[in-house]
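Dear colleague,

Here is the structure I promised to pass on to you. Please look through it first, and then read the notes below alongside it.

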Amino acid sequence: GKQWYQRRVRATNSMHVDVSAIFTSIDRNKDGRLTFSDLRMGFKDMGIDISDHDLKTMMHEVDQDGDGAINFSEMLTIMVRMHKKARENMDLMRVFEIMDKDGNKRISRGVHEHWHC
């Protein structure tokens with residue numbers, strides 16, 4: 001049982017390591033807090049495309065102490081949510097590809113009607 005436990009810990013820790021590295025690189029003035037502009041620049045650097053509106057909404061939702069900035073644990077919540085969202089989008093894409101039989105990126109009418117019955 002012990003080996004399994006160690007492997008489990010390592011798996012969860014790797015996410016923490018990534019997030020702390022990300023957090024450190026985004027936190028330019030090293031005060032342990034990320035402002036809206038910190039996050040926007042940070043996500044842009046990571047190649048994550050997120051609108052200002054979505055970012056504000058997400059910050060508002062996870063900002064537990066209401067200081068308008070994101071601390072490390074709040075950043076973890078954001079990353080977990082984004083990871084979940086990305087996976088959901090992947091699933092949506094997969095469903096779309098399955099339905100897109102003729103490969104023209106449009107769901108053909110026959111398929112569409114089939115799904116409505």
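A nonpolar core is here a set of buried Ala, Val, Leu, Ile, Met, Phe, Trp, Tyr and Cys residues joined through side-chain atoms within 4.5 Å, where buried means under 20% relative accessible area with a 1.4 Å probe and protein chains only. The model is predicted, so that local features need pLDDT of at least 70 and side-chain atom pairs count only at pLDDT 80 or more, while totals for chains, interfaces and linings use all residues. Residues are numbered from 1 along each chain as its sequence is written, and side-chain values use heavy atoms, with hydrogens and water left out.

The chain has five helices and zero strands (DSSP runs of H or I with at least four residues, or of E with at least two, numbered from the N terminus), and of its 117 residues 24% count as buried.

The largest nonpolar core holds 19 residues, of which Leu34, Leu39, Phe43, Ile70, Met75 and Ile78 touch the most other members. The elements giving two or more residues to this core are α1 (2–26), α2 (36–45), α3 (52–62) and α4 (72–99), and the largest share, five residues, comes from α4.

Beyond its neighbours within four places in sequence, Phe43 is in contact (heavy atoms within 4.5 Å) with Ile48, Ile50, Leu55, Ile78, Met79 and Met82.

Finally, α3 passes α4 in a contact made by Met58, Glu61 and Val62 of α3 and Glu74, Thr77, Ile78, Arg81 and Met82 of α4.

Best wishes

Note on methods. Buried means under 20% relative accessible area, exposed over 50%, partly exposed in between (1.4 Å probe, protein chains only). A crossing is left-handed if the near helix is turned anticlockwise from the far one by less than a right angle, and right-handed if clockwise.
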